[in-house]
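Hello,

Here is the structure we talked about handing over. My notes on it follow below.

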Amino acid sequence: MSERILGDDGVKYAVGTLLPDPSRLTAMTQPRLQDVMDLLSDDEVMDILDDDDLPLGRDRWGVDYTKNQGPVGKCACSASAGILERCFDLQGIEVPKLSDDYLYCHVNGGSDRGSLLIDVIHQAEIGTCPANFVPDGTIKKSRLSPESHANATYNALETEWCQIKSEQELSTAIALAMPVNVAWHFTNSSPRLDGKGMSTPTRGPGNHSVICDGLKRDGNRFLYDTQNSHGKQFGEQGRCYLGWGEHFSSTVNNHVFWALRVIENKTNSPPVL
């Protein structure tokens, strides 16, 4: 069973982002973002984000995009399904809510033990189905219906994924509308937000995944807008801000943070169901 953490607010939160063997990290051949494009300066990032023609984060993907993983440790899959939804939206293609359970059944080894970020990205490349084809909380691949497999075609966007290992890569990805799956070390104090909407700083190897899809500047630092997968009752309607130094610097070396970049549409419309 995946881990559950009792928050200061009295709610139990499931987490499930597993630590990969270090050898898998060193064997990674997928390029970093800095290998495929020039990174942006902080000022260039803000110039782009100040353009109201391209809202990101909570201004674009509000409460209707919030997922609730419930007591299941499928956070990496919830974030990945949400990233796929965002990639369709950025191309102007309307799709139904996509199934995080379908993804989870393929990467959890047949039990609710959590999953690796590095495994989920490979399944996300293959695709998932609409959420209505898989009962919420399904954890076994054998329980998936033939209809779910037949409709697991929601990878219709030609994408490229890149590793994110630095804050400059993270801020560049977000400014260029590449949602990022990141690891966060969730503790009992994580539901507690400060006056700026930022979760309590934590140190740890990382046990939980969220979508990072926006940012704002706070003095000489960025606060990263993240959508959690604990329902709209968490934080600010399912969201909070996290910081590089406050949260990600202790997890980025233990996990594969990844950004998904849309290259072109394979089709002009989503699959016909």
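Strand 4, cores and cysteines

Strand 4 (residues 180-184) is mostly covered, with five of its five residues buried. Please keep in mind that the model is predicted. The cover on strand 4 applies to both faces: V180, V182 and W184 are buried on one side, and N181 and A183 are buried on the other.

Strand 4 pairs with strand 5 (residues 208-218), antiparallel, over five bridges. Within that pairing, N181 has I211 of strand 5 as its bridge partner.

On the nonpolar cores: the largest one has 66 residues, and L170 and Y224 are those with the most contacts inside it. Helix 4 (residues 75-90) gives the most to this core, namely eight residues. There is also a second, separate core of six residues, among them C105, C129, V134 and L144. As background, nonpolar side chains in soluble globular proteins tend to be buried together.

On the cysteines: how many disulfides does the structure hold? The count is zero. The cut-off for a disulfide is a pair of cysteine sulfur atoms within 2.5 Å. For C87, the closest cysteine sulfur is in C162 at 12 Å, so the two are too far apart for a bond.

Are C87 and C240 buried or exposed? C87 counts as buried because its relative accessibility is 1%. C240 also counts as buried, at 0% relative accessibility.

Regards

Definitions and conventions
Residues numbered from 1 in each chain as written. Predicted model: local features only at pLDDT ≥ 70, side-chain atom pairs only at ≥ 80, totals over all residues. Heavy atoms only, no water. Buried < 20%, exposed > 50% of the residue type's maximum accessible area, 1.4 Å probe, protein only. Helix = DSSP H or I, 4+ residues; strand = E, 2+ residues; numbered from the N terminus. Pairing = 2+ DSSP bridges. Core = buried A, V, L, I, M, F, W, Y, C linked by side-chain atoms within 4.5 Å.
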